[in-house]
Amino acid sequence: MSSQPTTGLEARDGAAPRLPSDGPTGSDVLLDVRDLSVVYESAGQTAVQAVDHVSFSLRKGEFVGLVGESGSGKSTLGYALTRLQKPPARTNGGSIVFAGKDIRDLDDEQLRQQRQGGFAMVLQSGMNALNPVRTIRNHFIDVFKAHGHVPRERWDSRMRELVGKVKLPESMLARYPGELSGGMRQRVSIAIALSLEPQLMVFDEPTTALDVLVQHAVMDTIIELQRSEGFTAVLISHDLGIVLEATERVLVMHEGRIVEDGGSREVLRDPQDEYTKMLLSHYADPRAEVVSLPGFPDRSQRSASRQETTSSFATVGSRERSAAETPIVVDHLVKTYAPPRRGEDPVLAVRDVSFTLEPGQSLALVGQSGSGKSTIAKMLTGVEQPTSGTVRFGSTDVAKLGRRGLKDLRSEVQMVFQDPYAALNPLHTVEYTLTRPVVNYTGLRGKDARRRVLELLDTVGLTPVEQFAQKLPHQLSGGQRQRVVIARALASDPQVIIADEPVSMLDVTLRAGVLALLEDLREQWGVSLLYITHDLLSARLITDDIMVLHDGAVVERGRTADVLQHPQDDYTVALLDAVPNPRRRLSA
């Protein structure tokens, strides 16, 4: 591997981070960052130093990963490198020298000119980065007009060339963002950034919340483009596994500072900083004989028998029940949607799916986006009606329930949603958010309702409970928000929890805590768990049984460990092969 640039980093906690032996000089350096600091300053609030005296260099054509958990400062650093940070963020020291020029000194017009042929950024959410009321074609035209770098007569050919480079058909140009999948939207964002012919591309969490197969495909596209176009790439991610598999060098950030900088193989083989070691410890192969994460031992090492305990909620008036009592029976379920456009075929989302979720069982429903797993969840909760087939909760046909019946059903069957940021009202405190379902489903009022709320917070590990009760969502981390969402689902003391991708947007270290919480709920109170995911590792950790969905049909089912260790269907094998596994690089 080529030598890397010296960072000049100071030690964290007195221990020197790994520093490469030498680096590029002169014309080989594209970006040189020295003692860069970025602070968030809001009126009436304490200033937060998000980036703290960071120094590093990037050479031309280099592919570098920038990894760290939420709040580490990595995205703030990415925005600073491309001059996209906005108040209350501001740089308060250091320099960012791009192609020999400090971009901190550029005015708006100079910055606009510098972006053409200079640097570009691909933002985290493809949907939020695109205007939902403009076609993809118009997005390209907006960029062409703003920079004037593509003659009008070449607009159409350039658009077709760009979407082809990211492996999308020309027909995508006539579509709106809402008509595209998450992976397609992310590819469009990459193509738009690529239209500026940048020397530096910054990718901010480009695969967050995408399923493993789409994630793998998007990363393959980025890697191929970086090699063919020759730009310098910075891949920002909380997933060290993805970074180590894709990049040649990795920078690890923690609390605003770079604590490790080295070749990807070197960092993987011999990490120097304790924080890097901790991140690496949260990866495992779901196919292994024994699978465990820190604080989360292998299922075979945990007690096979569930604790038959009465819910702690019984002390404040909920019915006493030691475990779930009612199965959910899905029989020949089919769901067909109308054609998305005139002249197109109807969409067959679910194809003849049958299964039973037994009381106290944990069942994983696994598949990539579009496989039908979330559609099944909507039919189980009565949000959508099946085209044919039935969903029964005990003797009740869910499709035939009226408004009152659905309310009763939802006191027994609750959802935990994927996005903890969108699932909570930003204007309501945690206490208010939890009080509403407590009042609606249990009839508790006043002091009894508040006591129930505090017990819920204690149950999901948000202590001290009085402090968390008064917080607003923006004052919580992603993992804390997801715990609030789980507490809200528990407010009715349900028999069944349907968890729809509950950890896909969380850092790897936060995932283990949320998974352990779901596992504890099931084992201690006998709650049935339908766990919807594309993450086979988490499915292996917390579920007894698994069903693999592909194009709306079940292609494989059985005990989770058996299916993942001995997959029979090619699709299951493809899902397993796409799971990020940084240690694969050592054997490559």
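Helices (H or I, at least four residues) and strands (E, at least two) are DSSP runs, numbered from the N terminus, and the expected span of a helix is 1.5 Å times one less than its number of residues. The model is predicted, so local features need pLDDT of at least 70 and side-chain atom pairs pLDDT 80 or more, while totals for chains, interfaces and linings use all residues. Residues are numbered from 1 along each chain as its sequence is written, and side-chain values use heavy atoms, without hydrogens and water.

**View 1. Helix H14, residues 446-459, and its cover.** With 14 residues, H14 reaches 20 Å from its first C-alpha to its last, close to the 20 Å expected at 1.5 Å a residue. After H14 comes Gly-461, which has a positive phi, near 80°.

**View 2. Pro-580 in the loop between helix H20 (570-577) and helix H21 (584-587).** Pro-580 counts as buried because its relative accessibility is 13%. Leaving aside neighbours within four places in sequence, Pro-580 is in contact (heavy atoms within 4.5 Å) with residues including Val-212, Asp-239, Ile-242 and Tyr-283. Although Val-212 and Pro-580 are 368 residues apart along the chain, their C-alpha atoms are separated by 8.0 Å.

Note on methods. Buried means under 20% relative accessible area, exposed over 50%, partly exposed in between (1.4 Å probe, protein chains only).
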